[in-house]
Amino acid sequence: MKGCMGSKVSEIHVSMKRSGRQIKPNTKYIQDDDKNSGGPKKECGRSGCLATRPICFARVSERCAGSNWTSRWYHITPGEHYCNECFEFFYRSHKAGYVEYDKWKRLWAAKARTEASVTSMMIDQVLPYWVQCRASGCGKWRQLTKDSDLTEEFIATFQCGMTTTKLNPSKKMKFTDCSIPQDERVHYVHSPLWLIHNKCTAFFKKSPAAPFLSAYYPDGVGISPTEAVVELTKSEKEKLCPYIAPFPKGDQPLQAFVVTPDMMLESEIEEFPLMAQECPYVYLAIRNLVLVIWALNPKEWVTKERCMSQLICRGLIRVTCIELLPQILSFLTCNNFINQGLVKPSPTLVYNKNSQNSVVVIGAGASGLAAAYQLNSHGFEVIVLESKDRLGGRVNDIIQDGMVLPTGGQMLNGCYNNPMAIMAFQIGIELEEQTDICQLITDSGALVDDRLDHRIEFHYNAILDIVSEWRKSKKEVADVPLLYKFKELHEEFVHETQGYFSVGVFLQEEERLIDFHHSSLEYACGTSLDKVSALHWDQNELLPQFGGPHMKLTQGFGSILTKLGEGLDIRLNTKVTDIDYSGQKIVVKSNSGTFQADKVLVTLPLAILKAGTVNFKPQLPPSKLKAICSLGAGLVEKVMLQFDHNFWSKKEELPVFGCIPKSESHRGLFNVFYSYHCKQSGKHVLSSYLVGNGLSQMQGKSDEEIVHVFLEILRSIFPDKEIPTPCWSTVTHWAADPDISMAYSYIPVGCDGEAYHALAETVEDKIYFAGEATNRQFPQTVSGAYLCGVHEARKIIQSFN
């Protein structure tokens with residue numbers, strides 16, 4: 001009969017005896033007591049092993065030593081050994097177990113990275129399972145018989161005394177075995193020396209991670225090489241979130257929140273140094289399983305209980321894995337690998353609401369709402385103060401004739417593991433892939449030849465690569481504007497390669513194409529390239545970025561931020577003027593009254609911090625003020641025009657086209673157009689932007705004059721079309737908005753990426769800062785703003801704990 005160690009067991013493979021030592025703990029196993037010794041013995045040969053009188057767990061040989069003398073003990077963990085007689089039972093060709101071992105060895109060798117050995121077989125096939133009692137108030141670990149099969153259902157319902165043949169005990173059944181002491185070998189797992197003396201690698205059985213890791217050696221990623229991989233069904237694949245990619249795809253460089261299944265990240269090594277040194281594959285096995293559990297269902301918080309039932313492996317190493325789960329789950333959550341977005345945390349993680357610990361969040365943009373949602377979900381009292389009459393901050397979507405038109409953030413720069421994409425999946429919002437095809441048109445209406453376009457684009461990127469090489473040997477004093485350095489290297493290239501592009505010099509059309517690419521880069525930076533640092537303009541590209549295609553939210557970023565704001569205490573039209581953190585409680589003054597809190601999170605735009613409209617008492621530290629002054633506040637304005645029909649393309653699905661600036665002064669003046677279409681209303685919208693020189697040209701002009709310039713450019717690039725009067729138009733005025741005054745941050749000449757870190761630093765464990773300008777890895781993005789809000793919320797939670 002299959003069952004717990006305490007029940008009688010019949011033969012397994014060959015005749016053998018089983019003992020009940022987990023029911024009657026053998027003190028000789030952990031204490032060297034010669035007086036009670038029943039006969040000759042031999043200690044484990046491994047130096048430092050805690051077991052002074054090992055017991056053979058295998059019991060496969062009729063001559064098994066049990067707990068008596070053997071010529072050699074084979075050490076797996078301090079609580080698990082097998083004798084030389086059981087070793088020879090499998091290893092010697094004339095023994096009864098050799099056929100079974102040979103069959104296993106062939107299967108192992110076909111899939112595994114490591115060499116087959118008797119010890120590996122013992123770990124993979126012979127070690128008994130351990131399972132924890134689920135009865136209230138018990139929690140003791142019990143060893144099952146070697147022939148028992150462990151399943152999710154059995155793990156979830158196990159109580160002391162149950163056997164694997166009794167999965168669903170009736171209410172009438174009473175299990176009284178909870179009073180029996182726990183096997184003393186389990187205590188070894190809690191020893192500081194356990195990991196050092198552990199030779200057992202976790203080989204997970206029936207693991208849901210197996211289909212995701214088929215490209216790797218199974219024993220290198222925590223999967224049993226002898227287990228058959230059960231592929232996901234078509235319906236299961238369709239239910240997967242397409243935006244969660246925990247492991248690399250192909251030969252792509254490591255992307256944001258992606259891990260190599262058979263290798264620990266530097267941050268993981270720093271967090272778990274002992275595991276990294278002694279048993280990294282145990283950590284990798286747990287981590288990979290947790291990531292896949294999240295990928296399979298990102299609409300539910302990944303808890304220890306959710307993982308336990310799917311963590312199936314033989315030996316005491318399973319006890320180790322379960323004990324390590326909370327720490328690994330916490331690490332993966334805090335580093336945004338799992339439990340992102342709108343999932344509610346486990347009740348065990350919710351803070352005591354009666355504690356009266358309070359937090360004030362200033363600003364209801366992506367950062368503020370993300371932080372407030374996290375804090376509120378964990379049981380904290382949170383008040384959000386917003387100076388405007390709406391949520392969103394720099395996210396402001398307009399609904400026009402059935403179309404969601406973003407006047408602020410509009411694009412996901414990479415959707416894999418992007419929290420905004422994951423939240424869109426969680427609430428059922430569709431994403432639309434943004435094409436990378438952009439047909440270029442000259443200001444006279446001629447289409448730019450694709451070969452010329454690709455050639456200039458290659459040249460442009462090559463010059464930027466040269467800038468990257470140039471700056472490797474430069475110090476801060478050598479910093480210059482990116483535009484200046486680009487022109488210098490471009491002219492040098494033309495001089496040294498005369499005739500490569502044209503006769504001696506670039507043609508005017510080629511130079512204008514370079515201006516178009518300048519305009520696109522200025523849009524990405526939020527300002528003219530003559531203000532951007534040549535040394536550090538792309539400092540975040542040294543860090544992993546989101547992979548996958550660029551996506552557009554069909555219902556806009558505002559739909560997600562609105563969901564984050566549901567149920568929160570948000571005070572609109574509340575403009576903060578003073579923050580006094582000199583006392584025990586922080587006092588926040590506003591036009592709507594005074595608020596007190598234990599912690600304050602400031603998510604104001606960088607331009608507002610620069611303007612000094614909020615007074616801090618005492619004054620912020622010099623490092624913080626320096627960061628505020630050093631970083632640049634970029635500015636981009638958008639113009640949108642609505643038409644009754646699409647006159648700009650034969651294919652309505654072509655969403656983007658570009659206009660080559662006719663001169664350098666026109667760079668950034670409506671150089672890229674984005675198309676929107678509503679099938680219900682039949683209306684069409686063209687959106688474009690102003691940045692750099694183009695923005696300077698439009699300064700001081702009325703909305704009507706700006707729209708007129710927009711239409712004139714359309715007439716020049718479509719000379720054979722009759723451009724109708726738009727039926728609706730809008731022009732953004734972020735610069736004139738007293739609560740925002742900017743688009744997104746950039747690195748100016750003389751500044752570097754450390755300014756982002758300095759701006760994010762906490763002041764006296766009281767004042768916290770968040771916003772896209774505090775995120776060095778993902779600046780200038782809604783996703784980056786969201787992530788730093790979540791990060792600061794977790795810091796606040798940890799500070800209270």
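Three bridges join strand E16 to strand E25, and the two run parallel. Two strands count as paired if DSSP finds at least two bridges between them. Helices (H or I, at least four residues) and strands (E, at least two) are DSSP runs, numbered from the N terminus.

Before going on, a word on what you're looking at. This is a predicted model, where local features need pLDDT of at least 70, side-chain atom pairs count only at pLDDT 80 or more, and totals for chains, interfaces and linings use all residues. Residues are numbered from 1 along each chain as its sequence is written, and side-chain values use heavy atoms, with hydrogens and water left out.

**The strands around E16**

Strand E16 covers residues 599-602. Which residue stands opposite Val600 in E25? That is Ile767. E16 also runs parallel to strand E5 (residues 358-362), and four bridges join these two. Here Leu601 of E16 is the bridge partner of Val361.

Now look at where the side chains go. In a regular strand they alternate between the two faces of the sheet. In E16, Lys599 and Leu601 point one way, while Val600 and Val602 point the other way. Are these four buried or exposed? All are buried, and buried means under 20% relative accessible area, with exposed being over 50% and partly exposed in between (1.4 Å probe, protein chains only).

The predictor's confidence in each residue is called pLDDT, and it goes from 0 to 100. The chain has a mean pLDDT of 88, and 91% of its residues reach 70 or more. Two stretches to treat separately are next. Residues 1-38 have pLDDT below 50, and this stretch makes 91 contacts in the model beyond near neighbours in sequence. Contact means heavy atoms within 4.5 Å. Residues 169-173 also have pLDDT below 50, with three such contacts.

**Salt bridges**

Side chains of opposite charge can pair when their charged atoms come close. A salt bridge is a side-chain nitrogen of Lys or Arg within 4 Å of a carboxyl oxygen of Asp or Glu. How many turn up in the whole structure? The search finds 29. Here are three of them:

| Pair | N to O distance |
|---|---|
| Lys205 and Asp124 | 2.9 Å |
| Glu268 and Arg287 | 2.9 Å |
| Arg667 and Glu664 | 3.5 Å |

Take Lys205 and Asp124, which meet in a salt bridge. Lys205 lies in the loop between H4 and H5 and Asp124 in helix H3 (residues 118-126), so the pair ties together parts that are 81 residues apart in sequence. Lys205 is buried at 5% relative accessible area, and Asp124 is buried at 0%.

The side chains of Glu268 and Arg287 form another salt bridge. Glu268 sits in helix H6 (residues 266-271) and Arg287 in helix H8 (residues 280-296), so this pair links parts that are 19 residues apart in sequence. Glu268 is buried, with a relative accessible area of 0%, and Arg287 also counts as buried at 0%.

Arg667 counts as buried at 1%, whereas Glu664 is partly exposed at 32%. Both belong to a network of salt bridges that also links Lys487, Arg512, Asp515 and Glu522.

Trp130 is in strand E3 (residues 130-132) and is buried at 1% relative accessibility. Leaving aside neighbours within four places in sequence, its contacts include Glu80, Trp141, Leu150, Arg185 and Leu316. Trp130 and Arg715 are 585 residues apart in sequence and 76 Å apart in space, C-alpha to C-alpha.

Val707 lies in helix H20 (residues 703-717) and is buried at 10%. Not counting residues up to four places away in sequence, Val707 touches Leu641, Pro726, Ser729 and Val731. Val707 and Pro726 are 19 residues apart in sequence, and their C-alpha atoms are 9.2 Å apart.

Ile196 is found in the loop between helix H4 (152-157) and helix H5 (234-239), and is partly exposed at 31%.
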